[in-house]
Amino acid sequence: MTFAVHGLPVARGIAIGRAVLVVSSRIDVAHYFIKPEEIDTEIGRVRSARNAVAEELVKLQASVALMGPKDAPHELSALLEVHQMLLQDEALSEGVKHWITERLYNAEWALTTQLEIIARQFDEMEDEYLRERKADLEQVVERLLHRMKGTAAVLAPKPPRRKRAAEAEDDEDVTVSDGIDVPLVLIAHDLSPADMLQFKKSVFAGFVTDVGGRTSHTAIVARSMDIPAVVGARSASQLVRQDDWVIIDGDAGVVIVDPSPIILAEYGFKQRQGDLERGRLSRLRHKPAVTLDGERVDLLANIEMPEDTLNAVKAGAVGVGLFRSEFLFMGRESQRLSRLPDEEEQYQAYKRAVEGMQGMPVTIRTIDVGADKPLDGKSASKQEHLNPALGLRAIRWSLADPAMFLTQLRAILRAAAHGEIHLLIPMLAHASEIRQTLSLIDFARAELDNRGVVYGHVKLGAMIEIPAAALTLKTFLKYFDFLSIGTNDLIQYTLAIDRADEAVAHLYDPAHPAVLRLVADTIAECRRQGKGVSVCGEMAGDPQFTRLLLGMGLRSFSMHPSQILTVKQEVLRADTNKLVPWAQQVLEADDPAVLLAR
Ligand code: PEP
Ligand code: MG
């Protein structure tokens with residue numbers, strides 16, 4: 001039966017595919033695709049784990065038999081028998097085999113997928129005793145997962161990536177999937193940004209999560225993947241079943257489950273229209289971004305990994321305006337890497353980004369973990385702190401761990417010997433933080449001098465993403481060469497709206513007069529003082545705001561590569577002479593959204 005689930009649209013386009021439900025198990029498991037030649041090994045891993053757990057249960061049963069009824073009641077022995085039965089259950093083993101052979105899931109992923117399917121069958125049982133066996137099945141699977149820990153042959157996801165039609169024409173070096181023929185869409189309750197990073201290299205044609213806001217970091221990574229995505233879809237992961245056909249409408253924020261042939265045909269048509277539109281836009285790639293009245297506008301790229309520079313260059317970016325360096329630090333546990341990347345590893349990564357941009361500038365933001373970007377794979381909701389967005393995050397984190405911060409600073413300074421790097425500091429609010437940061441940068445230089453290591457000059461910038469910073473611009477401009485406005489956080493902190501919370505997403509308003517006032521004043525003050533200013537929050541990539549930002553005097557926009565051409569189209573149609581007075585009107589309006597919509 002066809003039904004729809006509504007959420008928040010975060011990445012444009014239509015995806016049609018079979019649902020892959022990623023369940024959150026009590027044990028963190030890696031999700032990656034294996035190569036067809038690894039199928040037997042992967043099935044073997046499950047078999048060995050099953051034999052080992054069976055032996056473990058036999059031993060437990062034997063020791064229970066030796067105990068008296070006081071220490072080991074009869075129920076315990078009966079329970080162990082149930083566990084043995086569940087372990088040997090064909091539905092479990094055959095299902096796991098199916099996911100490994102047909103979908104090329106790694107063994108852990110196959111196990112948790114099959115667990116989810118059987119668990120739902122248990123949930124639907126009338127008999128209470130049988131229903132409660134679900135917990136036993138979960139325990140059995142957890143035993144298996146524990147046994148399998150450390151036996152994985154490959155941990156990094158290496159699936160072939162599926163191309164979009166518009167990409168296909170000029171991109172011959174990307175292989176199209178040779179193992180999986182059906183398009184797959186990912187449905188999960190929650191995905192951490194680190195999980196998203198893993199999936200970034202995968203075959204998924206779209207994403208849906210139950211939680212998250214439009215500018216949550218999970219949504220940002222989904223957007224950077226340029227595939228349709230819907231977040232905040234509340235109960236999608238409960239309603240959709242493994243392998244259901246699903247349509248993701250990333251423009252409307254709707255997920256249609258089990259669509260009828262008529263609906264499928266309609267969305268198939270929309271999908272083709274979208275591909276055509278992208279093809280049309282791609283012709284703007286090499287056109288300089290200049291307004292009708294001759295104002296040059298820099299369209300820069302936001303990236304998460306050095307390899308993203310490839311897409312940035314392809315999209316016609318004139319530099320990187322925001323390299324979210326924290327992504328180098330995240331999700332390392334599941335790849336069995338050291339907890340933090342050392343100076344050399346970071347230096348190599350920054351150097352790759354600089355080289356990838358072929359002489360264009362690269363703005364590297366120092367680590368911004370915390371809030372909805374935990375270092376390990378745990379989702380934000382599993383964090384211990386009550387208000388993580390107001391806690392130890394970004395520069396606060398760095399200043400609390402100077403050794404880690406100095407390592408990153410040295411790596412960035414060294415990479416600056418290979419090209420133009422702008423060093424950007426996130427979440428500053430206090431003059432004391434600014435001074436501390438600058439003295440650590442001096443200290444990092446002195447350390448490199450002492451070691452006799454070559455390094456380059458960097459321009460220094462600060463992010464304006466806390467209202468306190470936007471209200472004390474003169475202090476910031478005394479110390480920094482440029483400012484970059486992080487509207488995602490500026491909106492969150494100005495309006496007291498958690499950007500990752502779908503329950504208040506309707507109040508997360510980029511067009512709120514207070515937000516627009518802070519953005520406009522920051523741009524104006526930088527221009528007055530002849531300092532560089534850009535916007536690198538999601539607002540910069542939203543074509544609804546291009547004209548307004550141009551009217552405020554902005555000439556540098558940083559966004560995901562996939563958004564550059566749409567924004568460029570707006571720039572090419574704009575006349576800043578007309579936009580300046582209009583932007584003043586918008587700024588003075590009680591309800592700017594009304595004027596923006598016209
Ligand atoms: C922002 O806050 O606007 C920003 C660009 O930084 P992030 O989204 O990584 O917090
Ligand atoms: Mg921010």
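Which residues come nearest to ligand 1? I started my notebook with that one, keeping in mind that this is a predicted model.

**Entry 1: ligand 1.** I found 17 residues around ligand 1, and the nearest of them are Arg-324, Arg-365, Gly-486, Asn-488 and Arg-499. Then I looked up some polar contacts. A polar side-chain atom of Arg-499 sits 2.7 Å from an oxygen atom of the ligand. For His-217, I noted 3.0 Å between a side-chain N or O atom and an oxygen of ligand 1. Glu-465 also has a side-chain N or O atom 3.0 Å from a ligand oxygen. The protein covers 100% of the 290 Å² of accessible area that ligand 1 has on its own.

**Entry 2: the magnesium ion.** Glu-465 turned up again here. I see that the protein donors of ligand 2, the magnesium ion, are Glu-465 (OE) and Asp-489 (OD), at 2.0 to 2.1 Å. Glu-465 lies in the loop between β13 (458-464) and α17 (467-470), while Asp-489 belongs to helix α19 (residues 487-495), so the two tie together parts 24 residues apart in sequence.

**Entry 3: helix α20.** I followed this helix from residue 513 to 528: its 16 residues reach 22 Å from first C-alpha to last, close to the 22 Å expected. Among its buried residues I listed Val-515, Leu-516, Leu-518, Val-519, Ile-523 and Cys-526. Glu-525 is on the buried list as well. Just past the helix, I noted that Gly-530 takes a positive phi of about 70°.

Note on methods:
Residues numbered from 1 in each chain as written. Chains lettered and ligands numbered in written order. Predicted model: local features only at pLDDT ≥ 70, side-chain atom pairs only at ≥ 80, totals over all residues. Heavy atoms only, no water. Donors = N, O, S within 2.8 Å, 3.2 Å for Na, K, Ca; no water. Helix = DSSP H or I, 4+ residues; strand = E, 2+ residues; numbered from the N terminus. Expected span 1.5 Å × (residues − 1). Buried < 20%, exposed > 50% of the residue type's maximum accessible area, 1.4 Å probe, protein only. Near = heavy atom within 4 Å. Polar contact = N/O pair within 3.5 Å; in protein donor to acceptor, adjacent residues only side chain to side chain. Areas by Shrake-Rupley, 256 points an atom, 1.4 Å probe, with all protein chains shown as cover.
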